[in-house]
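Thanks for coming, everyone. Let me put the model up and walk you through a few spots.

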Amino acid sequence: MAHPTIDPTLGPVLARTGDERAILDAFLDFHRATVLRKARGLPDADARRRLVPSLTTLAGLLKHLTLVEGNWFARLFAPEPGDIYLTSQEEADASFTLGPADTVEALAAAYEAACDRSRAIAARFDLDHVVPHPQLGEVSLRWVLVHLIEETARHAGHADILRELTDGETGAI
């Protein structure tokens, strides 16, 4: 019997007795979905509004996390000709910079597409598969998944705070 206070539809809860891969995938997908839920439903002007001194906005988080997905999965595990792994602080800052076409829905769609591509790429490899990394030497898929859980969860927390500051909506999901 499920505990009455736990929502059984949450991926991490459903994967609680799964293998390592199922648990890692469930937690990453949960945090990805949380970021999307926090940004969706807001007018573009609200999602673009800077509420903290940094470049961090709800719309900017979607744009940044789209770059993060591509950097860690596509560029490392399935690079295409001309792909360059982005490493500078300037490139990271630029990933938060919004252009006129960067609407919440366009950014959410791009993020979802990047996540879909990441899932497809990751599914082709075992957790122990190792690839070269331009700064770290070598990284395993397991390490990348854990790093992406950390990165996405951290930004989901930012999104939670920004959404609360924007319209008062609270809650982890």
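With which side chain does the side chain of Arg163 make a polar contact? Glu169, at 3.2 Å. A polar contact here is a pair of N or O atoms within 3.5 Å; within protein, one must be able to donate a hydrogen and the other to accept it, and residues adjacent in sequence count only if both atoms are side-chain atoms.

Ground rules. This is a predicted model: local features need pLDDT of at least 70, side-chain atom pairs count only at pLDDT 80 or more, and totals for chains, interfaces and linings use all residues. Residues are numbered from 1 along each chain as its sequence is written, and side-chain values use heavy atoms, with hydrogens and water left out.

Back to Arg163. Arg163 is in helix H7. Helices are DSSP runs of H or I, at least four residues; strands are runs of E, at least two; both are numbered from the N terminus. Arg163 counts as buried because its relative accessibility is 5%. The cut-offs: buried is under 20% relative accessible area, exposed is over 50%, partly exposed is in between, with a 1.4 Å probe and protein chains only. Beyond four places in sequence, Arg163 touches several residues, including Arg37, Arg40 and Leu58. Contact means heavy atoms within 4.5 Å.

Next, His31, in helix H2. His31 is buried too, at 16%. Setting aside neighbours within four places, its contacts are Ile149, Thr152, Ala153 and Ala156.

Now the largest nonpolar core. That term covers buried Ala, Val, Leu, Ile, Met, Phe, Trp, Tyr and Cys residues joined through side-chain atoms within 4.5 Å. This core has 40 residues, and Leu62, Trp72, Phe73 and Phe77 touch the most other members. Helices H2 (20-39), H4 (58-77), H6 (104-123) and H7 (141-167) each give two or more residues. H4 gives the most, 11.

Look at Phe77. Outside four places in sequence, its contacts include Ile121, Phe125, Leu141 and Val144.

How do H4 and H7 pack? Their axes come within 10 Å and cross at roughly 175°. Axes are lines fitted to C-alpha atoms over the stretch in contact, with angles from 0 to 180 degrees between N-to-C directions. So H4 is roughly antiparallel to H7, a label for angles over 145 degrees.

Last, Pro132, in strand S1 (residues 130-133). Buried or exposed? Exposed, because its relative accessibility is 62%. Leaving aside neighbours within four places, Pro132 is in contact with Leu76, Gly137 and Glu138.

Technical notes
Angles under 35 degrees count as roughly parallel, over 145 as roughly antiparallel, 65 to 115 as roughly perpendicular and the rest as oblique.
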